[in-house]
Amino acid sequence: MEILKGIPVSSGIAIEEVFRLSFPKEDKLQRYFSGEDVRTELQRFENAIEETKAEIKGRQGLVPEEIRGVFDFHIAVMSDEKSFLAPVKKLISKRNITPEYAVHKVLTKFREDFQQVADDYFALRLADIQDVEMRLLSTLKQTRSDEVVTIDRRMIVAAHDLTPSQAITLSKEKVAGFVTDVGGATSHTALIARSLGIPAVVGLGNLMNVIVPGDLLIVDAMKGVVIVSPDEATLAKYRQAIKDREKFEIELREELAGTVAVTMDGEVVELHANVEFPEEIAPAITVGATGVGLFRTEFLYTMVGHMPTEEEHYAAYRMSLRALDGKPLVIRSFDFGADKFPEIVGGEREANPFLGCRSIRLSLEETGMFRTQLRAIVRAADEGDIRVMFPMITSIEEITRASYIFADVQNELVASGAVKEKKIPIGMMVEVPGTALMAEKFADYVDFYSIGTNDLTQYTLAVDRGNQRIANLFQPGHPAVLKLIHSVVIAARRKAKLVSCCGEVAGDPRFTLALLGMGLRSLSMPTMSIPEVKKVIRSTTIRGSKLIWRQISEMSSASEIMNFLVARTRKIIPSLAAASV
């Protein structure tokens, strides 16, 4: 029995035999062709480009919506005349290099250039470049690139990395879980795993050198552990853990159907959903969402394949409001830059994009794009309860300018008769320690706050949340992070402002008792997190949660805090942690 530790990215436990995925080896590529075949080889390359693009577009609708933009990037690479098409054609026509090897050489240069940039976004793009190469080579050689489709029974997929092309062939019926050597919490693999509800652990490092076909694996995606060839005692523990988890989930759905998130002493807590697309709203309401607390509008770009027009924005917001039927819709203005589609806004590459021109900074630079989105929000307001929220605010000047532009857009539309005058609440994301510390000062400029714990943790602890080498240092339960969250809640209460939490912490049931104890009464989370969080809320009292918060506020380490919170929460959700190893 061998135990490997990685990064858990989608909860659950799986026990099955392993299926290994591999990538074509470059040494199998023929390098040169006869000089008289230049025209034939150029045509073969051009045909492969068109065929591969068509295949991508045909399959794009099969992938989870939040990563469709990945495939737009693939198409963009294959359409880049200067950096890709021309160099490949030159190698074919001038040096008699085969299309296969020419593609490999040019895309290898792409990867080498990207490796020079120490940034999470470019690390993700490395996998995309490999995916483009694999697709094109498969088309040129008339072989299958999506080897995973050959699985004929339920198995655990293992790979050095899982490309989006392979990922779109996954199904819960055949894939019990998947594990990779590389990847982080924000990798494509992680997004796919969470979307499909498949247990997954990434960043295992040496997995592919340890396993052989036919090995039995346990994937414990609750603790980030993969066990190779487990002994009988360990196997029995985990099989029981799976049964307990399945039983709990069935009971939870039956117990919570039609219920409100209210504590045992009568305090109602608003549970909102985080969404990227209007189609996600109906399922969220089904499991108990009382609104949308975070509409990530930058993902609309992936849906339409270009910067959305005013009408495309408007159609998405109107559809969302109608689905909500009077429930609130909080629209976050574009959060482009850093790890979210920076390629579409152009400009020079930044050495540190997480500290660069992103989010509201970019919107205030690209005011045409910003005003287009704001016009659509104002127009959609007639359809229901719509609110606008600006991301990554760090100064009074930023929130003042953003609010001024919004007011100017609204006044223009009212003056033209396009809309009636209506109060649209304005909010701000609290994602930066400096903003959290002076939250009270922003109260005169906003109607509500929303605490984004993902970036708040990253900036507070100086930890890149996508870097697997330091993944253990990304600790939302760190005392400093929790104290900053609490300080924002206190500031909002003093100024009688609404405050919500919309980061990963909000949807993690381990933190629910602490958040309630701090005073939060509004949480926004992924749809799949709502039932468990609701269960915790309905099983506690505000008095009890305040006591828990007082206790952990005296603790000095994330591990101490998390051990305490897990122990308390397991009294409500026994299957919260997997069987011990």
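**Exercise 1: a network of charges**

At 19% relative accessibility, Arg 379 counts as buried (under 20% relative accessible area; exposed is over 50% and partly exposed in between, with a 1.4 Å probe and protein chains only). The model is predicted: local features need pLDDT of at least 70, side-chain atom pairs count only at pLDDT 80 or more, and totals for chains, interfaces and linings use all residues. Residues are numbered from 1 along each chain as its sequence is written, and side-chain values use heavy atoms, with hydrogens and water left out.

Task: determine which residue forms a salt bridge with Arg 379.

Solution. Step 1: a salt bridge requires a side-chain nitrogen of Lys or Arg within 4 Å of a carboxyl oxygen of Asp or Glu. Step 2: the partner is Glu 311, with the closest N and O atoms 2.8 Å apart. Step 3: Glu 311 belongs to helix H12 (residues 310–324) and Arg 379 to helix H14 (residues 367–380), so the pair ties together parts 68 residues apart in sequence. Step 4: salt bridges that share partners join Glu 310, Glu 311, Arg 375 and Arg 379 into one network.

**Exercise 2: a second pair**

Task: state whether Arg 296 is buried or exposed, and identify the side chain that Arg 296 meets in a salt bridge.

Solution. Step 1: Arg 296 has a relative accessible area of 16% and is buried. Step 2: the salt bridge joins Arg 296 to Glu 276, at 2.6 Å from N to O. Step 3: Glu 276 is buried as well, with a relative accessible area of 8%.

Note on methods
Helices (H or I, at least four residues) and strands (E, at least two) are DSSP runs, numbered from the N terminus.
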